[in-house]
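Here is a friendly note to read beside the model. Take it one point at a time, with the picture open.

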2 protein chains.
Amino acid sequence: MPELRKDPIIGRWVIIATERAKRPDQFAAGVEKEELASGEKCPFCQGNESMTPPEICALRKAGTKPNTPGWDVRVIPYKFPLLHVEGDLNRRAHGMYDLMDAIGAHEIVVETPDHLTEGAPPASQLSKVFGVIIDRIKDLEKDPRIKYVLLVKNYGRAAGGGHIKHQRIQLVGTPVNLKRVKEELAGAKQYYNYKERCVFCDIIKQEIAVGKRVVMESKYFIAIMPFASRFPFETWIMPKEHSCDFYKTSKEIASDLGGIYGGLFAKLKRVIGDFPYNTVLHTAPFRRQMNKRGYWETIENDYHWHLEVLPILTRVAGFEWGSGFYINPLPPQDAYKSVREAKA
Amino acid sequence: MPELRKDPIIGRWVIIATERAKRPDQFAAGVEKEELASGEKCPFCQGNESMTPPEICALRKAGTKPNTPGWDVRVIPYKFPLLHVEGDLNRRAHGMYDLMDAIGAHEIVVETPDHLTEGAPPASQLSKVFGVIIDRIKDLEKDPRIKYVLLVKNYGRAAGGGHIKHQRIQLVGTPVNLKRVKEELAGAKQYYNYKERCVFCDIIKQEIAVGKRVVMESKYFIAIMPFASRFPFETWIMPKEHSCDFYKTSKEIASDLGGIYGGLFAKLKRVIGDFPYNTVLHTAPFRRQMNKRGYWETIENDYHWHLEVLPILTRVAGFEWGSGFYINPLPPQDAYKSVREAKA
């Protein structure tokens, strides 16, 4: 069973993923495959459904059976999950240290039946994908052991996507709140206490007024390159209307999200080609009414969900590990110019 | 002038390194050089001193002149520094955002005159290196604009070391305290408030008692693979006697640090070959008596400097960016076994 171990100094959790373990001598660097070998089958392609664990759900043509072709979007459990869905947390001590079993959920949302290998699927397809994801999060929210569902995408080798480029998103349901999200919640709360306004709403208003970092705008969303971008071409998509819970988004708004997300990738592809990237979605944690210390009391007002697109075109190194700061060689206002002008 | 920009939500600083900037269309992924091309000269090798800015100091044979051969350890300014040594911070607002000029220090400590390209220099050489570094930090501490000096090493492409593998360490003097260090200070203080003991001292005692993660021990130091290691083979070197300020270390102890650090790399090389890695050193910030809010008051008791060796054999991906947590596929007790038994 994989373990969640807590760093005793800063309280950060680490998943010791024993089921992905290699022997110590297998870590020496080797050449990594960038693509499927000839003759190697992609487990995420239509027709290869038997290569994956049985599907959790799928958006499919009427009359087609589970685990057969005929689907548009397909959700499956991870074959070697980081977090296991069966069992109890079994929180315990190991001397002065704290650990628990790695319980939670780990699912893959296959975004398209076809083996697309560039950028992101078309907007029309993505609109369906976000609809399916919202349904999955609503379902996972019912499991009282799960405190948070993180949406993650790894695309391309440099972004941890492995050698299969078939477009897919991971949903990771964790039994603890996330360090990065806690930092955002605390920062947003501090700003709200001082200003009585949501910091994200203020960013949106300022960026619209300045007009130097707004890459795209749709009916419900805005895509901006943040003032303090960590990475070249880093872009955040935020709902224009204040909202802290992504999973409460309506189907109409989810469809619009697919539109702007697909449009953004079409533009980025014009400028930087087929690039490795990570996407993460930050939303408010579930079950915040359970906390009696007042910590979450203003979360509906002060927090604002958003989707971060992080192109991996540079490397983090010792300075980033040691400081928690970042070095970005491309000012966001320069990245903005080239992307804003690119045709979608 | 490069800028330091503050993320308005979580307060993290980003260096917008305009002097390293490329045009937006130059970020498309290309093949990177792993080594110097034939005929390409290494600027850090003895004999090529004219390729670098004039040296700040060097440990050299009596009678040899600056910027000529005859040195053992050489310190030079960074050619394209992240932080500039000339000027004022000029802290200012940009609408709701905060920024300042990227002022500080950025130096390179060339660890050896020879173009060694595997692991780390021998222990005898490293003992001199750490002595020179301590002298440099003592000098930088005199500059009132510098709040912290971070020791960083990037070795190998995957660790951000570029294509020149000549052994070198960077010293980055920053005008703000570091996010990661603040987290450690806060965590260590919380532990101390509860236990009235240093968390690092407790870790050292527990690890010696358990004997499952102590890779090496010398007269003054211990090298352990942390219980919640983020990376396979992650190893921390800590002084056994409590100390919060690395730069107050005596020459005898600095020499012993070179010994255990060199010995650790000799062992790691036996198990994983010539591997990319980052090294960072975390110590207490300077000038803590300036803070009147009581935050630093117990720092001499509760914080403990340490050196983190981070082999880069896996990739961080969306889960790490989104959560602030890590996934480690090799339990530290397994990494420990193979390294502990390896001959130095």
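1. A word on the source. This is a predicted model, in which local features need pLDDT of at least 70, side-chain atom pairs count only at pLDDT 80 or more, and totals for chains, interfaces and linings use all residues. Residues are numbered from 1 along each chain as its sequence is written, while chains are lettered from A and ligands numbered from 1 in the order in which they are written.

2. Chain A as a whole. Chain A holds seven helices and 15 strands; helices (H or I, at least four residues) and strands (E, at least two) are DSSP runs, numbered from the N terminus. Its radius of gyration is 20 Å, close to the 20 Å that the globule rule gives for 344 residues, so chain A is as compact as a globular protein of that length. The radius is taken over C-alpha atoms, and the rule is 2.2 Å times the number of residues to the power 0.38. Along its principal axes, the C-alpha trace of chain A spans about 55 × 50 × 45 Å.

3. The inside of chain A. Of the 344 residues in chain A, 49% are buried (20 or more other C-beta atoms within 10 Å of a residue's own, with C-beta atoms placed from the backbone).

4. A sheet in chain B. Ten strands of chain B form an open sheet in the order 3-4-7-9-8-13-14-12-11-10, with antiparallel pairing; two strands pair if DSSP finds at least two bridges between them. Which strands stand at the edges? They are strand 3 (57-60) and strand 10 (214-217) of chain B, each with a single partner strand, so one side of each is left without a neighbour in the sheet.

5. One pair up close. Within chain B, strand 13 (residues 277-282) and strand 14 (residues 306-311) run antiparallel and are joined by six bridges. Look for Y277(B), which stands opposite P311(B) in strand 14.

6. Where the chains meet. In total, 78 residues of chain B are in contact with 79 residues of chain A (C-beta atoms, placed from the backbone, within 7 Å). Helix 2 (residues 179-195) of chain B gives the most to chain B's side, with six residues.

7. Strand 2 (residues 13-16) of chain A pairs with strand 15 (residues 326-328) of chain B in the parallel sense, over three bridges. Here V14(A) stands opposite Y326(B).

How values were computed:
A residue is buried if 20 or more other C-beta atoms lie within 10 Å of its own, exposed if 12 or fewer, and partly exposed in between; C-beta atoms are placed from the backbone. Two residues are in contact if their C-beta atoms, placed from the backbone, lie within 7 Å.
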